[in-house]
Amino acid sequence: MSKQTILFIGHLWPEPSSSAAGYRTLALLKALQSESNWQIYFSSAADKTEYCANLEQLNITSQAIKLNDSSFDDFILTIQPDIVIYDRFITEEQFAPRVQAHFPAAINILDTQDLHFLRRARQKALQSKQELDLYSDDCVREIGAILRCDLSLIISSYEMQLLTEQFNIAAEILLYCPFMLTLENKHHIIHKNSYNSHQPYNSREHFVMIGNFLHPPNWDAVLWCYQSIWPLIRKQLPQAELHVYGAYPSEKVWQLHQPEKGFFIKGRADDALVTLGQYRVNLAPLRFGAGIKGKIADGWLSGTPCISTAIGQEGMALNESKNNEPSSWGGLIAETPEEIAQSAIQLYQDKTLWQVSQQHGEQIIKQQFNESQHTLAFINTIKQLMNNLSAHRKNNFYGQILRHNLYRSQYFMSKWIEEKNTKKND
């Protein structure tokens, strides 16, 4: 097969130590690298931070790009991509029209990360105390991007079912592609050395929470825990502490630092797996969200069982249920503050339950997030598209209608914005 050029356009530059999204992007890039005749470029219009992965060390060429700017056209005309992967639907909206204008035969792949419309609808339902309504502008935009692309990577089995059954999306344009993990490889990808932190029950103490504070479900979970859950745990375990870690804590986060209540804000964890491996119980009381949860997978990778909700369990269990059986999950599932607190205390104090939960977390990593299995499926699906793109697009005819009409309008809108900005700067 001739050399293929792959352009991955990131919504952000990947920060694998800051978020699950950053790790997932890096894992996809490494999966693509398994093909020696594929040349990979990564670009983003976002600003870089000190925590960004060094892509050049991974032999991935990186290039900063601009929104609504012809310099992007010059860039893609130089590299001539055969495949373009968009990180989240908003990136597809922004850049796919310009790709289409120059390279209509390029394969378009969308990595949804999670279904944003699902997460936002759940957040709105929680805040407004109303029934869940998925049919929003976000839904139209995101599903429109899924239909326009030749393939969309869906991270959760629940979201696969939602798209195919409720929205009648053809399974042929979707690929179930969750985290690609082994019990060792995440630490290896980020830190380039092996890792094994399975400290025994008796060597661990206290509770932990972790998650990027820029992500709304994480902040909501911390605040809810502080106000309604932790006081109940602390009342029965007065010597216990909760240590909260996460990238980009704001002033409102630091205001929750209350050592006298056993509630500690710790800020960024330099190494999530080493950090989680010190604690006995991982708390993830998520009231809304979508996709699958990196904080829970990280806990299982470090041997730390989790207390979460049905939202947290979604797409992450071999046998999803709410019956509190450790056989169905790597920890316990509860919903109300009282149930979560009681489950957390039970898991914290019951050594046998803790050990069984730890084993089941490892089992889920091995069976559901198998690195080699999902890498192979990802690469093979791309190869099938290369060999059968014309027929594939004919089978997604309505998607091609959306692609033709919307890309033309968005392309000219982008050119108009560019011209407007040029005149403004003159």
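Which residues does Ser 18 touch, not counting residues up to four places away in sequence? They are Tyr 51, Asn 212, Ala 247, Tyr 248 and Arg 268. Contact here means heavy atoms within 4.5 Å.

This is a predicted model, where local features need pLDDT of at least 70, side-chain atom pairs count only at pLDDT 80 or more, and totals for chains, interfaces and linings use all residues. Residues are numbered from 1 along each chain as its sequence is written, and side-chain values use heavy atoms, with hydrogens and water left out.

Stay with Ser 18. Its place is the loop between β1 (4-10) and α1 (20-32). Helices (H or I, at least four residues) and strands (E, at least two) are DSSP runs, numbered from the N terminus. Ser 18 counts as buried because its relative accessibility is 8%. Buried means under 20% relative accessible area, exposed over 50%, and partly exposed in between (1.4 Å probe, protein chains only). The side chain of Ser 18 also makes a polar contact with the side chain of Glu 15, at 2.7 Å. Such a contact is a pair of N or O atoms within 3.5 Å; within protein, one must be able to donate a hydrogen and the other to accept it, and residues adjacent in sequence count only if both atoms are side-chain atoms.

Now go to helix α2 (residues 70-79). Phe 72, Asp 73, Phe 75, Ile 76 and Ile 79 are buried there. Seen down the axis of α2, these buried residues fall within an arc of 160°, so they line one face of the helix. The arc is that of the directions from the helix axis to the C-beta atoms. Gln 80 follows α2, and its phi is positive, near 50°.

Last, find Phe 397 in helix α16 (residues 397-425). Phe 397 counts as exposed because its relative accessibility is 52%.
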